[in-house]
Amino acid sequence: MRVAAAQTCSLPGGPAANIGNHLRLAEAAASEAVQLLVFPELSLTGYDLQGLAGWAAEPGDALFAPLREAARRHGMTLVVGSAARPQGGDGRPGIGAFTFLPDGGTRIYRKRHLHPGEELHAAPGREDAHVHAIGGLPVALAICADIGHEPHGDLARQAGAELYAAGIVMSDRGQAQDTASAQGHAQRCGMAVLTANHGAPTGGYACVGRSAFWAPGGKRLAEAGGSGDWLVIAERGASDGHWSAWARAVAP
């Protein structure tokens, strides 16, 4: 089983401006036989809180047809970040992780724990743990501030997760804390952790890249070498279940 973080640089203009770059990263990941590719928080829109309501969508919308087709063509599950339509009577959109499956199926996870200030523009999700088996690997999804809450990782592990995959917006100021939180889940819960960060500034944050993978127990096995577009790829051995990982830059 091969999984990867797609560290990418989001452009202004919403999903239409960014789908092409997502397809390019998916093509690069396919050349590495990746089966699960995870993009950063709000990767399709950039970290544009004020514009969230205008971008709110569902993964089955026509706009995302190229991503659904890429998942089918590559036999790869894609998890991308975008604004999700409101749930129930709350008019605020969610900060979503949209999953596109090779069989054409779609899923959505809404960020459970919002960063201070996000509640003005977004509603928190209702799931304490969002875990699905992908290629036989139980994967829990997380979005940025989720990783700063120990119970979020604990509940994911209790639900059977063996990989905790988070799309994030990690700046130079938050790097130490976010890295410690991600590593802490790997140490405390005994599950692998994958983080996918933006490779360029977004929403006023000086994102530092440094997407990474930690093996169960907390050892960091791979990290992107800075900003820009990267893949951080991890493989779980079929016979022994041990993880190996590496990173490669993706040319523009």
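Is tyrosine 205 buried, partly exposed or exposed, and what is its relative accessible area? Tyrosine 205 is partly exposed, with a relative accessible area of 30%; buried means under 20%, exposed over 50% and partly exposed in between, using a 1.4 Å probe and protein chains only.

## Basis of the report

The model is predicted: local features need pLDDT of at least 70, side-chain atom pairs count only at pLDDT 80 or more, and totals for chains, interfaces and linings use all residues. Residues are numbered from 1 along each chain as its sequence is written, and side-chain values use heavy atoms, with hydrogens and water left out.

## Aromatic pairs

A pair of aromatic rings is described by the distance of the centres and the angle of the planes. Rings of Phe, Tyr and Trp (its six-membered ring) pair if their centres lie within 6.5 Å; planes under 30 degrees apart count as stacked, over 60 as edge-to-face and the rest as tilted. By this rule there are 4 aromatic pairs. The ring centres of tyrosine 47 and tyrosine 205 are 5.5 Å apart and their planes stand at 75°, so this pair is edge-to-face. The two residues are 158 residues apart: tyrosine 47 is in the loop between strand E2 (36-38) and helix H2 (52-55), and tyrosine 205 is in the loop between strand E9 (192-196) and strand E10 (212-214). Helices (H or I, at least four residues) and strands (E, at least two) are DSSP runs, numbered from the N terminus. Tyrosine 47 counts as buried, at 10% relative accessibility.

Phenylalanine 213 and tryptophan 243 form a tilted pair, with 5.0 Å between centres and 50° between planes. Phenylalanine 213 lies in strand E10 and tryptophan 243 in strand E13 (residues 243-249), so the pair ties together parts 30 residues apart in sequence. Both phenylalanine 213 and tryptophan 243 are buried.

## Enclosed space

On a 1 Å grid over the protein atoms alone, a cavity is a set of points where a 1.4 Å probe fits but cannot get out, and a pocket is an open set with protein on both sides within 12 Å along at least five of seven lines; lining residues have an atom within 4 Å of a point. Grid points are joined across faces, edges and corners, and a volume is the space filled by probe spheres set on the points.

There are 3 cavities of 30 Å³ or more, and the largest cavity holds about 80 Å³. Among its 16 lining residues, Phe39, Val79, Ala97, Ile143 and Gly167 are the closest to its centre. The largest pocket has a volume of about 340 Å³.
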